[in-house]
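Let's take a walk through this structure together, going from the meeting of two chains down to a few individual residues. Keep the 3D view open as you read.

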Amino acid sequence: MLRQAAGHMRGLLARRASVAVTSSAVRMASQGHEVSETVDMSRPMYYDRADVPLPDKPYKDLLTDADKSLKQKEKGPWTQLSKEEKIALYRLMFCQTYPEMKQKTSEWKTVLGGIFFFLGFTGLVVWWQRIYVYPPLPKTFEGDSQAMQLKRMLDMRVNPVQGFAAKWDYEKGQWK
Amino acid sequence: MFRAVYRLSSAGARTLVRTRPRYAAPVASRCYSHGKVETDEEFDARWVTYFSKPDIDGWELRKGMNTLIGYDLVPEPKVLDSALRACRRLNDLASAIRILEAVKDKAGPHKDIYPYLIQELQPTLAELGISTPEELGIDKL
């Protein structure tokens, strides 16, 4: 999360920094019980971010002898390196290329699915509440009562100019 | 500077204009009404000088590149040339390739900027032996 604070200052898309746990950063918790690899966050970390191209440390710290000899060859002219060697050097330094970093994920399907699922669940909860929690409707909602209320509103001349009673034809006793 | 021609943050690609309009763009991310405004040329010169430091170290290269990529612009070829040469002094081919990937990404929807940059940098790339991501095949998944 330290990287997030620095990343916000960049002002670009906030991407979750994918922290690649390298072989050098693994520390198992003591006392024998199974714990996932902990990353020492107090040391420079590797991360793949499109807006921060060069992370604080190379991806691979512990080099095999072959890697070390390749690194020695890197000190000479780069024209003498083959394509495979150049790619190997890149992969020693970096975990993902830009296209790999920027791959579209299907996360949106999970998010949308989750939204619909919880909306549906909420709907079920509301339905249950409607049946088991809501009190019965007052008697004034019934048809006869509604008719009496309507007649009373017309008798009171509710909104006689432009609104309710204005639409009632009092001579003929019907709606205009 | 490409920001004199494009506002990268606005949508819509236009054709690349080779001659830049002559007006002074403000220093990246500052908006003060008084005080000296840095021109594009001064900005470029400052960054070329930064990367040209003979004994530049890895941290300075990383800091410089990350800061530069943080700006709302695509760096000029001469700035990138200076940065690639700094990678050479540090014996770091991988970072050189990463820089090329980063500026391609910075151009965003403006697909004609990156080929122009590569065209301008071709002599340097040939001289130093830096392969582009396309030549290595790592521009595809």
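This is a predicted model: local features need pLDDT of at least 70, side-chain atom pairs count only at pLDDT 80 or more; totals for chains, interfaces and linings use all residues.

Which helices of chain B supply the side that touches chain A? At least two residues each come from α2 (58-70), α3 (77-89), α4 (93-107), α5 (113-128) and α6 (133-136) of chain B. With 9 residues, α4(B) gives the largest share of that side. By residue type, the side of chain B that touches chain A divides into 14 nonpolar, 10 charged and 7 polar residues.

Now step back to the interface as a whole. Chain A brings 33 residues to the contact and chain B brings 31. Between them, the two chains bury about 2800 Å², and carbon and sulfur atoms account for 61% of it. On the chain B side, the residues that lose the most area to chain A are N66(B), L93(B) and R98(B), which together make up 25% of what that side buries.

Two of these names return when we look at how α4(B) meets a helix of chain A. Helix α3 (residues 83-93) of chain A packs with α4(B) at an angle of about 85 degrees, and their axes are 8 Å apart. Angles of 65 to 115 degrees count as roughly perpendicular, and α3(A) and α4(B) are therefore roughly perpendicular to each other. From α3(A), the residues K86(A), L89(A), Y90(A) and M93(A) take part, and they meet L93(B), A94(B), S95(B), I97(B), R98(B) and E101(B) in α4(B). The residues of this contact divide into 6 nonpolar, 3 charged and 1 polar.

Inside chain B there is another helix pair to look at. The axes of helix α1 (residues 40-51) of chain B and α3(B) come within 8 Å and cross at roughly 5 degrees. Since angles under 35 degrees count as roughly parallel, α1(B) and α3(B) are therefore roughly parallel to each other. Here D44(B), W47(B), V48(B) and F51(B) of α1(B) meet K78(B), V79(B), S82(B), A83(B), A86(B) and R89(B) of α3(B). This contact is made up of 6 nonpolar, 3 charged and 1 polar residues.

Finally, have a look at the backbone in two loops. In the loop between α3 and α4 of chain B you will find N91(B), whose phi is near 55 degrees, a positive value in a residue other than glycine. In chain A, N159(A) sits in the loop between α6 (143-155) and β5 (168-169). Phi of N159(A) is near 50 degrees, again a positive value in a residue other than glycine.

Terms used. Residues are numbered from 1 along each chain as its sequence is written. Chains are lettered from A and ligands numbered from 1 in the order in which they are written. Side-chain values use heavy atoms; hydrogens and water are left out. Contact means heavy atoms within 4.5 Å. Buried area is the accessible area (1.4 Å probe) that two parts lose on being put together, summed over both. Helices (H or I, at least four residues) and strands (E, at least two) are DSSP runs, numbered from the N terminus. Ala, Val, Leu, Ile, Met, Phe, Trp, Tyr, Cys and Pro count as nonpolar, Asp, Glu, Lys and Arg as charged, and the others, Gly among them, as polar. Axes are lines fitted to C-alpha atoms, for helices over the stretch in contact, and angles run from 0 to 180 degrees between N-to-C directions. Angles under 35 degrees count as roughly parallel, over 145 as roughly antiparallel, 65 to 115 as roughly perpendicular and the rest as oblique.
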